[in-house]
Amino acid sequence: MKKNVGRLDQILRIGISLVLIYIGFINEAFFSDSLSSNIIGGIGVLSLVVAIIRSCPLYALTGISTCQTKKQ
């Protein structure tokens with residue numbers, strides 16, 4: 001898979017993912033039902049995986065890339 005997630009995008013995704021995982025799985029006091037907290041936690045896990053592999057399927061479908069181009 002071609003990398004299409006830049007460094008800043010990766011750092012932001014990791015930070016947001018960790019917050020979502022914390023809210024969804026660790027501190028479930030934010031949501032009254034377990035379904036909502038599991039969905040939020042699952043979104044956090046998926047976002048973390050995308051940040052680690054640096055390839056976003058949604059970016060690939062839309063042709064977006066936040067990677068910097070190399071200067072020649």
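What follows is a conversation about a few residues, the cysteines and a surface patch.

Student: What kind of model is this?

Tutor: It is a predicted model, so please read each value below as computed from predicted coordinates.

Student: OK, let's start with Asn4. Where does Asn4 lie, and is it buried or exposed?

Tutor: Asn4 lies in the segment before α1, the helix that covers 7-26, and Asn4 counts as buried because its relative accessibility is 7%, where buried means under 20%.

Student: Which residues does Asn4 touch, leaving out those up to four places away in sequence?

Tutor: Asn4 touches Arg54, Ser55, Cys56, Tyr59, Ala60, Ile64, Ser65, Thr66 and Cys67. For Cys56 there is also a polar detail, in that a polar atom of the Asn4 side chain lies 2.8 Å from the backbone nitrogen of Cys56.

Student: Two cysteines on that list, then. How many disulfides are found in the whole structure?

Tutor: A search of the whole structure finds 0 disulfides. Cys56 is in none, and the nearest cysteine sulfur to its own is that of Cys67, 11 Å away.

Student: Switching to Asp9, what does its side chain do?

Tutor: The side chain of Asp9 makes a polar contact with the side chain of Tyr59, at 3.0 Å. Asp9 is found in helix α1 and counts as buried, with a relative accessibility of 14%. Leaving out residues up to four places away in sequence, Asp9 touches Tyr59 and Thr66, and its C-alpha atom is 7.9 Å from that of Ala51, a residue 42 places away along the chain.

Student: Last topic, the surface. Which residues make the nonpolar patch?

Tutor: The patch, of about 1000 Å², is made by Met1, Tyr22, Phe25, Ile26, Phe30, Phe31, Val45, Val49, Ile52 and Ile53.

Student: Which helix gives the most to it?

Tutor: Helix α2 gives the most, with 4 residues, although α1 and α2 (34-53) each supply at least two. One of the patch residues is Ile53, which is found in helix α2 and is partly exposed, with a relative accessible area of 43%.

Terms used
Residues are numbered from 1 along each chain as its sequence is written. This is a predicted model: local features need pLDDT of at least 70, side-chain atom pairs count only at pLDDT 80 or more; totals for chains, interfaces and linings use all residues. Side-chain values use heavy atoms; hydrogens and water are left out. Buried means under 20% relative accessible area, exposed over 50%, partly exposed in between (1.4 Å probe, protein chains only). A polar contact is a pair of N or O atoms within 3.5 Å; within protein, one must be able to donate a hydrogen and the other to accept it, and residues adjacent in sequence count only if both atoms are side-chain atoms. Contact means heavy atoms within 4.5 Å. Patches are made of residues with over 30% relative accessible area and no salt bridge: like charges are joined within 9 Å, nonpolar side chains (Val, Leu, Ile, Met, Phe, Trp, Tyr) within 5 Å. Accessible areas come from the Shrake-Rupley method with a 1.4 Å probe; for residues, only the protein chains shown count as cover. A salt bridge is a side-chain nitrogen of Lys or Arg within 4 Å of a carboxyl oxygen of Asp or Glu. A disulfide is a pair of cysteine sulfur atoms within 2.5 Å.
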